[in-house]
Amino acid sequence: MNSTPALLNRILLTVLGLILLGTGLILVLLATVPPVGSWWHSWSGGAWESVSRLFDSTRFPGRPESWLWIVVALALLALMGLMVAWIAQQGKGRSNLLAAEYDPGEIPGDVRIGGGVAEQALRQALEGRPDLAGATVTTYDVKGSPALKVRLLPRQGVAPHLLAAEVSGLLDALESVVGKEIPVLIHIGAGARTRFSRAERVR
């Protein structure tokens with residue numbers, strides 16, 4: 001429901017994982033296989049000489065510094081900017097507003113109901129249920145309209161459709177109190193808490 005770039009996150013994590021895996025594999029080979037160590041010394045020495053020649057050939061006229069350091073600094077700044085932009089996209093889309101209406105009564109004005117009202121009310125209604133290992137409620141802004149996401153972790157043996165029906169009843173009661181229909185996504189998942197927690201039978 002939010003605009004977090006999930007696909008990009010998976011790609012970046014995959015690339016980072018492959019880089020770390022490759023680095024670890026090379027370190028293990030360097031420590032255990034003597035021919036790999038010999039190859040690394042010869043290759044790294046040649047690579048360092050090539051880099052040194054490149055920096056020597058790109059010096060400023062009459063100065064020992066290379067203008068490639070400026071390119072490296074700009075590349076690092078660009079990378080930092082991309083990282084900041086990527087971090088700013090995480091979790092984007094959450095909202096603190098559940099409903100807003102204009103009241104033309106004796107004292108005209110806007111009436112706003114915060115998302116925390118629905119989140120706390122639903123969490124309290126779901127707390128202590130023997131058929132749930134956990135529940136979270138979050139308010140999101142979807143195309144300019146508030147919406148709720150209810151994530152449930154049922155215990156083993158709990159029928160998901162019955163649980164969804166009971167939560168839908170709580171949401172109907174919430175809408176009657178708020179006086180407005182609210183789009184809701186009910187996500188029923190599973191995790192370690194549901195697999196390792198004690199299963200209880202629901203009556």
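User: Where is the place of Ser 95 in the chain?

Analyst: Ser 95 sits in the loop between H3 and strand S1 (97–103). Helices (H or I, at least four residues) and strands (E, at least two) are DSSP runs, numbered from the N terminus. Please keep in mind that this is a predicted model, where local features need pLDDT of at least 70, side-chain atom pairs count only at pLDDT 80 or more, and totals for chains, interfaces and linings use all residues. Residues are numbered from 1 along each chain as its sequence is written, and side-chain values use heavy atoms, leaving out hydrogens and water.

User: Does Ser 95 count as buried or exposed?

Analyst: Buried means under 20% relative accessible area, exposed over 50%, and partly exposed in between (1.4 Å probe, protein chains only). Ser 95 has 17% relative accessibility, so Ser 95 counts as buried. Buried residues make up 20% of the 203 residues in the chain.

User: And how does Phe 60 count?

Analyst: Phe 60 counts as partly exposed because its relative accessibility is 32%. Phe 60 is in the loop between helix H2 (34–57) and helix H3 (68–88).

User: How are two packed helices described?

Analyst: They are described by the angle between their axes and the distance between the axes. Axes are lines fitted to C-alpha atoms, for helices over the stretch in contact, and angles run from 0 to 180 degrees between N-to-C directions. Here, the axes of helix H4 (residues 115–126) and helix H5 (residues 160–178) come within 11 Å and cross at roughly 140°. That makes H4 oblique to H5; angles under 35 degrees count as roughly parallel, over 145 as roughly antiparallel, 65 to 115 as roughly perpendicular and the rest as oblique.
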